[in-house]
Amino acid sequence: MYEYLKSLHLIFVITWFAGLFYIVRLFVYQIEANEKSSPEREILLKQYKIMTYRLWYIISWPSAVLAVLFALSLLHLNPAFLEMSWMQVKLGFVVLLIAYHIKCHLIFKELQNDVFKYSSNFMRLWNEGATIILFAVVFLVILKNAFNWIYGVIGIFLFSIIIMLGFKFYKRLREKK
């Protein structure tokens, strides 16, 4: 039974991340569509609203809920994991992921109501948040011991710096065109 729950947990974690990666990309497109002239703006915004709505409520939210429910089931069956330092750090990243998801939900609601508070560049950078959390969680789960996960977390912060530098480089290239 445990292995089936673990498999289902992993499947819904994957679909949850897929939803988070794609929703923020759709936010970028929606923000950029808002900057276009009529009638292109209205046509694109209508389509992006439909796409984000379906992605958010048919894939992202159900996947998040099911991933968490299967995780809680796994912890219930094996509560000793809660005493392990790597799991405690992992759960910290899961809390960050849930906060990230909730913030994406707030952005989703704003864009559905034609409230554009963020630039497309901000959204491109925001999109990397889920990537950083994914890397951290995978390294923590695979490495598991305290010595290695400390290096893993340090690596995540270095990876974050590389992403930021890459973003700035890409932004400069886009501005030149």
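Which residues in α5 are buried? In this predicted model, the buried positions of α5 are A130, T131, I132, I133, A136, V137 and L140. Just after α5, K144 adopts a positive phi of about 60°. F135, V138, F139, I142 and L143 make a nonpolar surface patch of about 430 Å². Of these, F139 is located in α5 and is partly exposed, because its relative accessibility is 39%, between the limits of 20% and 50%.

Four salt bridges were found in a search of the whole structure. One of them joins the side chains of R124 and E32, with an N to O distance of 2.8 Å. This pair links distant parts of the chain, with R124 in helix α4 (residues 120-126) and E32 in helix α1 (residues 2-34), 92 residues apart. R124 is buried at 8% relative accessible area, whereas E32 is partly exposed at 21%.

A salt bridge is also formed by D114 and K49 (2.9 Å, N to O). D114 lies in the loop between α3 and α4 and K49 in helix α2, so the pair ties together parts 65 residues apart in sequence. D114 is partly exposed, with a relative accessible area of 45%. In the salt bridge between R41 and E42, the closest N and O atoms are 3.4 Å apart; R41 is partly exposed at 25%, as is E42 at 39%.

Within helix α2 (residues 40-77), S60 is buried with a relative accessible area of 0%. Beyond residues up to four places away in sequence, S60 touches W16, G19, L20, L55 and H101.

Definitions and conventions: Residues numbered from 1 in each chain as written. Predicted model: local features only at pLDDT ≥ 70, side-chain atom pairs only at ≥ 80, totals over all residues. Heavy atoms only, no water. Helix = DSSP H or I, 4+ residues; strand = E, 2+ residues; numbered from the N terminus. Buried < 20%, exposed > 50% of the residue type's maximum accessible area, 1.4 Å probe, protein only. Contact = heavy atoms within 4.5 Å. Patch = residues over 30% accessible without salt bridge, like charges linked within 9 Å, V, L, I, M, F, W, Y side chains within 5 Å. Areas by Shrake-Rupley, 256 points an atom, 1.4 Å probe, with all protein chains shown as cover.
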